[in-house]
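Work through the exercises below with the structure open. Each task is followed by a stepwise solution.

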Amino acid sequence: MTVISWIILGLLAGAVAKFLLPGRDPGGLVGTTLIGIAGAFIGGWISARWLDHPISKDFYDGATWAAAIGGSLVLLVGYRLLFGHSRD
């Protein structure tokens, strides 16, 4: 997959993570989108490095999507824990 594919995958993974974890985010839509992109990269790296599942060249690979969404969820939860109360 190209870098553009990972960015698109990250955008979609961030949207899915936001759907699965509704609520107010400190960064809003832009912050959630950036977390999705970073989560896609981190999820793919973790999958390839420690889970022994190399990154597929296919954009529609379910394991690649699961890694991207999982990475996005982890980053979104961490971001909310660190910065979630800054808007109160």
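**Exercise 1.** Find which residues Ala68 touches, not counting residues up to four places away in sequence.

*Solution.* Apply the contact cut-off: heavy atoms within 4.5 Å. Ala68 then touches Leu9, Ala13, Gly39 and Ala40.

A note on the model: it is predicted, local features need pLDDT of at least 70, side-chain atom pairs count only at pLDDT 80 or more, and totals for chains, interfaces and linings use all residues. Residues are numbered from 1 along each chain as its sequence is written, and side-chain values use heavy atoms, leaving out hydrogens and water.

**Exercise 2.** Decide whether Ser72 is buried or exposed, and list its contacts.

*Solution.* Locate Ser72 in helix H3. Its relative accessible area is 1%, so it is buried (buried is under 20%, exposed over 50%, partly exposed in between, with a 1.4 Å probe and protein chains only). Leaving out residues up to four places away in sequence, Ser72 touches Ala13, Gly14, Ala17, Ile35, Gly36, Gly39 and Ala40.

**Exercise 3.** Describe how H1 packs on H2.

*Solution.* Take the axes as lines fitted to C-alpha atoms over the stretch in contact, with angles from 0 to 180 degrees between N-to-C directions. H1 (residues 3-20) and H2 (residues 28-49) meet at about 115°, axes 7 Å apart. H1 is therefore roughly perpendicular to H2 (under 35 degrees is roughly parallel, over 145 roughly antiparallel, 65 to 115 roughly perpendicular, the rest oblique). Now list the contact. H1 supplies Trp6, Ile7, Gly10, Leu11, Gly14 and Lys18; H2 supplies Thr32, Thr33, Gly36, Ile37, Ala40, Phe41 and Gly44.

**Exercise 4.** Describe how H1 packs on H3.

*Solution.* The angle is about 55°, with the axes 8 Å apart. That makes H1 oblique to H3. On the H1 side, the contact has Trp6, Leu9, Leu12, Ala13, Gly14, Val16, Ala17, Lys18 and Leu20. They meet Thr64, Trp65, Ala68, Ile69, Ser72, Leu73, Leu76 and Arg80 in H3.

Terms used. Helices (H or I, at least four residues) and strands (E, at least two) are DSSP runs, numbered from the N terminus.
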